[in-house]
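Grab a viewer and work through them before peeking at the solutions.

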Amino acid sequence: MTPQEYTQLKAFARIDGAILGVVWIVSFLLCIAGFSNPGMSLPGSLLAVCSPFIAGTRLVKFRNYALNGVISFRRAMAYYILMFFYASLLMALAQYIYFAYFDNGYVMSYYVNTLNMPEAQQMIEAAGLSRKEMEEALTQMQQTSPIAMALNIMTFNITVGIVLSPIAALFTKKEKR
């Protein structure tokens with residue numbers, strides 16, 4: 001890959017990463033809204049599950065528009081990984097802003113209330129966990145800073161992109177005839 005081709009790859013990946021990042025942010029906000037309005041969490045979850053397919057669609061558009069329908073396996077993998085990287089940066093920024101300035105403990109209080117329900121207590125016992133272990137885990141989560149939460153989720157999203165990239169590249173690569 002020439003330096004010019006690499007620059008082109010990064011430029012298109014940034015744009016498609018921004019699109020994917022916006023999808024993730026909407027998904028995140030819908031899931032948070034789903035705590036108080038259960039009808040909102042399903043569309044949020046569906047967006048999250050569909051995001052690898054959205055990324056694959058964007059990869060195909062890049063292949064067809066910028067590369068005249070031809071892309072190697074390695075370039076497709078690199079594009080997919082970069083797209084997830086840029087989307088993860090945008091998502092981490094949005095999550096940091098949310099947890100630092102808007103959440104005010106809302107998510108944690110929802111988890112605490114959910115785990116105090118009798119059904120959740122039965123599930124915790126069935127999993128072989130003690131009440132003390134769950135309380136310690138919740139305490140650790142409450143002490144996690146907004147930047148740490150955002151960076152943990154960003155790392156997870158990048159890892160998902162790396163794991164899914166060979167699969168996406170396998171389905172989207174096209175060699176010259």
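This is a predicted model: local features need pLDDT of at least 70, side-chain atom pairs count only at pLDDT 80 or more; totals for chains, interfaces and linings use all residues.

Residues are numbered from 1 along each chain as its sequence is written, and side-chain values use heavy atoms, with hydrogens and water left out.

**Exercise 1.** Find where α2 bends, and by about how much.

*Solution.* Start with the helix itself: α2 covers residues 41-66 (helices are DSSP runs of H or I, at least four residues, numbered from the N terminus). Next, look at S51, where α2 bends by about 45° (the angle between axes fitted to the seven residues ending there and the seven starting there). Then spot the proline, P52, which follows within four residues. Last, step just past the helix to N68, with a positive phi of about 55°.

**Exercise 2.** Work out whether T172 is buried or exposed, and what it touches.

*Solution.* T172 sits in helix α7. Its relative accessible area is 7%, so T172 is buried (under 20%; exposed is over 50%, partly exposed in between, with a 1.4 Å probe and protein chains only). Now the contacts (heavy atoms within 4.5 Å): leaving out residues up to four places away in sequence, T172 touches G56, L59, V60, R63, I71 and A76.

**Exercise 3.** Which residues of α4 are buried, and what do they pack against?

*Solution.* In α4 (residues 106-115), V107, M108 and L115 are buried. They pack against α1, α3, α5 and α6.

Definitions and conventions. Helices (H or I, at least four residues) and strands (E, at least two) are DSSP runs, numbered from the N terminus. The expected span of a helix is 1.5 Å times one less than its number of residues.
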